[in-house]
Amino acid sequence: MVNLKKSLFRLTDVLELCIAYTFCFSLNLTFDYVKTVDLESYILKSFFENFLDYQLQIVILSTFIVIVFHYQMLYRKKTEVFCKILVGDTGLNITARYSLDCLTILVFVYLLSTLVSVYLNLSLTGNLFLPLIFAVYILISARQVRKYEDI
C-alpha cells in the first residue's frame, strides 16, 4: 500500500490515519444506514431521528477533527523532514511522497466504504464529498511540508 522506507509515515501513522478516515466514513455510512432501516421500536426511531436532524453538522465536525489530527501528525514530522533534507532528499520528493501516501490511504479507505455501501445497498453519493474534502486538505498540507525545509 504505502512504501514505508522513504515515506514520512511509519506503520503506526498509516494505521492511525486509516482509523481516522474510517471513523469519518463509517459515521456517514451509519447515518445513511439508519435512514434506510425500518425500525420497529418507537424509542429507537426517536433516538436516531435526533441525530439525523444534525447529520451534516456531525459529519462536518468529524471531518474537521480528522483534519486537525492530520495536521498534528504532519507537525510532528517537521524534524524528520528537515533531517531527510540534510541527508540529500529534496523537498519536492518529500512533498510528492507525502501527498501520494496520504492519497493512497484515502483511496483505500474510500474504496472500503464504497464496498460496504454496495453491500448494504446504500447510496454511493453519500460519502462522495468526504474524499474531495480530504484530498483538498492533503494538497494544501503538502505545501506545509515544504515550509519544514527551513526549521
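**Figure 1. The two faces of helix H3.** On the face of H3 turned away from its buried side sit the exposed residues Leu61 and Phe64. In H3, the buried residues are Gln55, Val59, Ser62, Thr63, Val66, Ile67, His70, Met73 and Leu74. Why do they count as one side of H3? They cover an arc of only 145° around the axis, which puts them on the same side of the helix. The partners for the buried residues of H3 are helix H1 (11-36), helix H2 (42-52), H4, H5 and helix H6 (129-147).

**Figure 2. Helix H3 from end to end.** Helix H3 takes in residues 55-76, which is 22 residues.

**Figure 3. The whole chain, for orientation.** How many helices and strands does the protein chain have? There are six helices and zero strands, and from the N terminus on the elements run α-α-α-α-α-α. Along its principal axes, the C-alpha trace spans about 65 × 25 × 25 Å. Of the 151 residues in the chain, 38% are buried. Take the contacts with a separation of 6 or more: 81% of them join residues 24 or more positions apart.

Figure 4. The chain averages a pLDDT of 84, and 95% of the residues score at least 70. Among the elements, helix H5 (residues 91-119) has the highest mean pLDDT, at 89, while helix H4 (residues 78-86) has the lowest, at 77. A word of care goes with such scores: where pLDDT is low, the predicted coordinates should not be read in detail.

**Figure 5. Isoleucine 94, tucked into helix H5.** Isoleucine 94 is found in helix H5. Is isoleucine 94 buried or exposed? With a relative accessible area of 2%, isoleucine 94 is buried, because the cut-off for buried is under 20%. Leaving out residues up to four places away in sequence, isoleucine 94 touches Leu8, Val81, Lys84, Ile85, Asp89 and Val145. Lysine 35 is another matter: from isoleucine 94 to lysine 35 the count is 59 residues in sequence and 43 Å in space, C-alpha to C-alpha.

**Figure 6. Serine 99, also in helix H5.** Look in helix H5 for serine 99. Serine 99 is buried, with a relative accessible area of 11%. Which residues does serine 99 touch, not counting those up to four places away in sequence? The answer is Ile138 and Ala142.

**Figure 7. Empty space inside the model.** Rolling a probe the size of a water molecule over the atoms shows where empty space is left. Here the count comes to two cavities of 30 Å³ or more. The largest cavity holds about 50 Å³ of space. Its lining is made by Leu29, Tyr110, Ser113, Thr114, Ser117, Ser123, Leu124 and Asn127. H5 gives the most to this lining, with four residues.

**Figure 8. Asparagine 121 in the loop between H5 and H6.** Asparagine 121 is found in the loop between H5 and H6. What is phi for asparagine 121? Phi is near 55°, a positive value in a residue other than glycine. For background, most residues other than glycine have a negative phi. Asparagine 121 is exposed, with a relative accessible area of 67%.

Note on methods:
Residues are numbered from 1 along each chain as its sequence is written. This is a predicted model: local features need pLDDT of at least 70, side-chain atom pairs count only at pLDDT 80 or more; totals for chains, interfaces and linings use all residues. Side-chain values use heavy atoms; hydrogens and water are left out. pLDDT is the predictor's confidence in each residue, from 0 to 100. The expected span of a helix is 1.5 Å times one less than its number of residues. Buried means under 20% relative accessible area, exposed over 50%, partly exposed in between (1.4 Å probe, protein chains only). The arc is that of the directions from the helix axis to the C-beta atoms. Contact means heavy atoms within 4.5 Å. On a 1 Å grid over the protein atoms alone, a cavity is a set of points where a 1.4 Å probe fits but cannot get out, and a pocket is an open set with protein on both sides within 12 Å along at least five of seven lines; lining residues have an atom within 4 Å of a point. Grid points are joined across faces, edges and corners, and a volume is the space filled by probe spheres set on the points.
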